[in-house]
Amino acid sequence: MVTLVAVCGIVGYVGHRQALDVVLNGLRRLEYRGYDSAGVAVLTDAGLTVERKAGRLANLEARLAEVGVDSFAGTAGMGHTRWATHGAPIDRNSHPHRDATGRVAVVHNGIIENFAALRAELEAAGVELASDTDSETAAHLIAREYGAAKERGGGLAEAVRTVCRRLEGAFTLVVSHADEPDLIVAARRSSPLVVGLGDGETFVASDVAAFIEHTREAVELGQDQLVEITRDGYRVTDFHGEDAPVKPFTVDWDLSAAEKGGHEYFMLKEIEEQPEALANTLRGHFVDGRVVLDEQRLSDQDLRDVDKVFVVACGSAYHSGLVAKYAIEHWTRLPVEVELASEFRYRDPVLDRDTLVVAVSQSGETADTLEAVRHAREQKARVLAVCNTNGAQIPRESDAVLYTHAGPEIGVASTKAFLAQIAANYLVGLALAQARGTKYADEVAREFRELEAMPKAVSRVLETVERVRALGRELADSKAVLFLGRHVGYPVALEGALKLKELAYMHAEGFAAGELKHGPIALIEEGLPVVVVMPSPKGRAVLHAKLVSNISEIQARGARTVVIAEEGDETVRPFADELIEVPAVPTLLQPLVSTVPLQVLAAEIARARGYDVDKPRNLAKSVTVE
Ligand code: M6R
């Protein structure tokens with residue numbers, strides 16, 4: 001038996017418009033969450049009309065064009081776009097799933113962990129399952145409970161609640177029943193779910209992006225909650241039917257932020273939005289001469305008591321933590337360990353109530369990071385989340401939160417969120433230094449002012465985009481690319497390599513330049529592009545000199561050197577086959593400028609190789625399975 005689970009985008013709608021249009025539009029904005037298959041279900045006069053198709057949303061749209069959309073007339077419906085973690089993403093495993101009568105439809109995000117037992121129970125009762133998925137079991141179980149719920153005077157919501165109490169794992173379900181055509185029911189355990197409140201229309205989705213063109217008023221659903229939506233509004237209960245408290249919020253960005261705005265792909269738009277992302281992340285965090293966080297449930301005394309910091313994160317967020325280590329240790333004199341969230345809780349880290357765990361996550365729903373947060377809290381450590389998504393699970397489960405205000409990041413490769421994470425991590429460092437008195441108030445103010453100057457510096461880097469793109473096209477046929485850096489340039493090298501791997505499917509490695517002679521230099525061969533992230537010749541003269549030696553060593557062995565260096569750095573010029581200049585900024589802030597050309601380079605190499613820059617193969621934006 002193959003278990004198919006999904007990390008997906010889901011959307012539901014009840015209102016006055018044609019549901020198919022609303023749902024397809026929503027799916028277009030959620031496709032970054034997964035693009036292995038897509039499907040829709042609409043409640044029509046004839047019952048439930050369903051279409052689903054393996055592959056990208058475009059395949060489903062082509063299929064709908066083929067069959068015609070007349071049979072989809074209806075004002076309530078749901079949709080799904082899927083990222084499969086196990087098994088083949090084929091038509092019959094695509095959502096929505098239905099029960100045997102075809103009157104119940106379900107889309108699902110997450111994993112039903114006890115699905116084998118549930119499936120066996122259904123099969124023993126004579127139910128034939130049409131797919132290999134865990135999700136389908138929910139459709140059959142809900143259909144079975146529906147009759148009993150009706151007899152008790154209840155309906156679909158009650159049936160879904162009963163089934164949710166039996167499900168184990170993390171799941172979000174959107175459910176409809178042909179007998180209740182003006183209602184959509186959605187339930188949440190762990191995987192995200194928000195409700196959008198329009199005028200005579202209501203939405204549910206895994207992300208506000210799905211309905212942002214219709215409303216910015218939203219309600220966030222908590223753990224183990226169920227919502228019934230109709231065109232007139234919504235009702236939230238727990239899984240036992242008790243009314244539950246809700247948290248309404250207004251989205252602070254609009255449709256234009258979720259659209260390409262004339263750019264060829266989202267990633268390029270998001271690269272260009274970085275100055276704004278930085279400015280928005282810093283805004284409001286320096287008040288009356290003090291650095292302030294967002295949801296501060298930690299007192300200054302708590303921060304003073306901290307004797308060790310862990311930064312836990314994955315992918316690019318992890319690299320932002322590696323950068324932060326240099327600043328936080330320097331400013332606070334606290335030891336900082338940066339750890340991949342997927343490793344953290346499996347090695348029994350030493351944690352107690354004086355440990356501060358900084359959990360960095362753009363989505364706020366990355367399973368590895370969430371589990372690391374839970375582990376840290378079980379061990380009584382304090383957790384501070386750095387997150388780009390309002391109300392996501394990681395901030396919900398943390399003691400304090402600092403939101404990065406990068407706006408929605410649609411491109412799967414992280415760009416503006418990464419820069420915003422670096423800035424936010426620095427604010428955490430300054431807040432710690434301020435509480436602990438390791439920096440005077442005027443020093444904190446100076447550091448903050450330097451951060452505030454960064455949006456302008458990043459804008460200047462963006463002036464080089466076209467040149468870097470041209471270089472990307474030249475390098476598109478390379479077999480591999482190496483990235484070297486020292487000090488804060490080392491995590492930048494790792495980030496540059498990650499971008500190239502995930503977008504251009506090219507072998508790319510980032511190294512601490514000093515490590516080269518301990519092995520990796522054997523990789524250098526004639527014409528191999530090596531990108532070197534230089535420190536400032538003034539700020540870090542010793543490191544600069546050492547890197548110049550490293551470059552000359554690799555150049556002597558035939559490498560083609562691409563050097564990212566501070567404007568006016570003449571010493572490095574003779575060693576640079578290609579020189580990309582970035583503005584002079586304080587050493588700790590250099591990653592904010594030197595990462596940008598590497599993002600552009602990776603995107604352009606991917607484009608030149610004919611790949612989808614926004615949706616690289618095998619990936620999804622949020623990884624909600626471990
Ligand atoms: O949402 P998160 O920040 O927790 O995501 C972490 C990583 O999955 C993410 O940074 C990933 O590595 C990006 N695709 C990198 O570009």
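Two residues are in contact here when heavy atoms lie within 4.5 Å. With that in hand, welcome to this predicted model, in which local features need pLDDT of at least 70 and side-chain atom pairs count only at pLDDT 80 or more, while totals for chains, interfaces and linings use all residues. Residues are numbered from 1 along each chain as its sequence is written, and side-chain values use heavy atoms, with hydrogens and water left out.

Let us look at the first pair. At their meeting place, 18 residues of domain 1 are in contact with twelve residues of domain 2.

Together, domain 1 and domain 2 bury about 1300 Å², which is the accessible area (1.4 Å probe) that two parts lose on being put together, summed over both. Carbon and sulfur atoms carry 46% of this buried area. On the domain 1 side, Tyr-32, Glu-220 and Ala-257 lose the most area to domain 2, together 33% of what that side buries.

A salt bridge is a side-chain nitrogen of Lys or Arg within 4 Å of a carboxyl oxygen of Asp or Glu, and two are counted between domain 1 and domain 2.

**Around the ligand**

The ligand is surrounded by 15 residues, each with a heavy atom within 4 Å of it. Ser-361, Gln-362, Ser-363, Thr-366 and Glu-502 are the closest.

| Residue | Protein atom | Distance |
|---|---|---|
| Ser-316 | backbone N or O | 3.1 Å |
| Ser-363 | polar side-chain atom | 2.6 Å |
| Thr-366 | side-chain N or O | 2.4 Å |

Taken alone, the ligand exposes 410 Å², and the protein buries 90% of that; these accessible areas come from the Shrake-Rupley method with a 1.4 Å probe.

Note on methods
Polar contact = N/O pair within 3.5 Å; in protein donor to acceptor, adjacent residues only side chain to side chain.
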